[in-house]
Amino acid sequence: MRLGFNFWLGAGLTTLVILAGILAPWIAPFDPVLDADLMNSELPPDATFWFGTDGQGRDVYTRILYGAQISLTVGIVSQVINSIIGVTLGMTAGYWGGWWDDLVNGFTNVMLAIPSLIFALAVMAVLGPGLPSLLIALGLTNWSWTCRIARSSTLSLKSLGYVQAAQTLGYGDLRIMFTQILPNMMGPILVMATLGMGSAVLSEAALSFLGLGIQPPFPSWGSMLTDARQLIQLAPWVAIFPGLAIFLSVLGFNLLGDGLRDSLDPHMRTRNP
C-alpha cells in the first residue's frame, strides 16, 4: 500500500495534536485554570509566555495544550459512537433488506436533511452544556454517512462466494455480518471515521464558542475564541493561536483521511501509480 504526501502531512499534523494533548501535563509551563494573574493580562508573546496571555493573565500556550485533550476526546468518542450506530444500522439494513432496510433508509434520509450543527444544538439545548452532553450530541449527529457506506458495502459483499459459503455452512446472520462482512469493509469505515474527527473538532469548537460546549474556566479552543472577541484588536494573539490550533488539527485529520482513501481505493492506486 503506497502512502502519498497527503497521508504523511496529515499524519504529522495529527501526531502533533495528539502529542500536545498527551504531554500537556508535563510540557505546559503553567496551570490552565489556576494560574491567572491580572497583573500579566494581555501580554504579547515573549520568552516566558510563548503565545502571550489572555484577559485574565492565563498562559495561552498552556490552555491550547490542554484544549487539545478536549478536542481529541470529543473527536475520538464521538466517532466511536457514530461508527457503532452507522455500521450496525447500515450493515443490518444491507444484509437483511426488506422492511428493515426501508426503515433505516428513511431514518437516514431524515437525518441527512437536518444540518448536523442544528441537530447538535437541539440535543445540547435538551441535555444542557458540558462535556458529557457534547459527546452525546456529536455522537448522534454524523452517523448517517457511515450508515450509507456500510449499507452499500454490505450489498456488494454479501453476494460474494465466501459469504455464500458461510451461509451454506450454517453460520448465523450476526456471525456472518461481524466475522465475514465487517472486516472487509473496514477500509472505507476507517476513512470516514478519520474525516469525521476533523468535523467533530470543528463542531466542538463551534458549540463551545456559542457557550453550549465546554464551560469556563476549563480550556477549549472554541471557548478561548469566545473570550478573545473583545480583545481581538488589543491582543490579537488571544484569537490567532486558538484559531490556528483548530485549523491545523482539522486540516491534519482531513489530509490523513484523504491520504487513507487514496491508498485504500484500488481505482486511485491505478490512477496514481
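**Exercise 1. Is W50 buried or exposed, going by its relative accessibility?**

This is a predicted model, so keep in mind that every value here is computed from it. Start with the number: W50 has a relative accessibility of 52%. Next, bring in the cut-off, which calls a residue exposed over 50%. W50 therefore counts as exposed.

Y61 comes out at 14% relative accessibility, and buried means under 20%, so Y61 counts as buried. F51 has a relative accessible area of 23%, which makes F51 partly exposed.

**Exercise 2. Work out how the rings of W50 and Y61 are arranged, and which parts of the chain they tie together.**

Step one is knowing what to look at: an aromatic ring pair is described by the distance of the centres and the angle of the planes. For W50 and Y61, the centres are 5.0 Å apart and the planes are at 40°. Stacked needs under 30 degrees and edge-to-face needs over 60, so this pair is tilted.

Step two is placing the residues. W50 lies in the loop between α1 (5-27) and α2 (60-96), while Y61 is in helix α2. The pair therefore ties together parts 11 residues apart in sequence.

**Exercise 3. Find which charged residues sit over the rings of Y171 and F209.**

Take Y171 to begin with: R175 lies over its face, 3.8 Å from the ring centre. Then go to F209, where the charged end of R229 sits over the ring, 5.5 Å from the centre.

**Exercise 4. How many helices and strands does the chain have, and what percentage of its residues is buried?**

Count the elements and you get 12 helices and zero strands. For the burial part, buried residues make up 45% of the 273 residues. To finish, check the contacts between residues at least 6 apart in sequence: 72% of them join residues at least 24 apart.

Methods: Residues numbered from 1 in each chain as written. Predicted model: local features only at pLDDT ≥ 70, side-chain atom pairs only at ≥ 80, totals over all residues. Heavy atoms only, no water. Phe/Tyr/Trp six-rings, centres within 6.5 Å; stacked < 30°, edge-to-face > 60°. Helix = DSSP H or I, 4+ residues; strand = E, 2+ residues; numbered from the N terminus. Buried < 20%, exposed > 50% of the residue type's maximum accessible area, 1.4 Å probe, protein only. Lys NZ or Arg CZ within 6 Å of the ring centre and 35° of its normal. Contact = heavy atoms within 4.5 Å.
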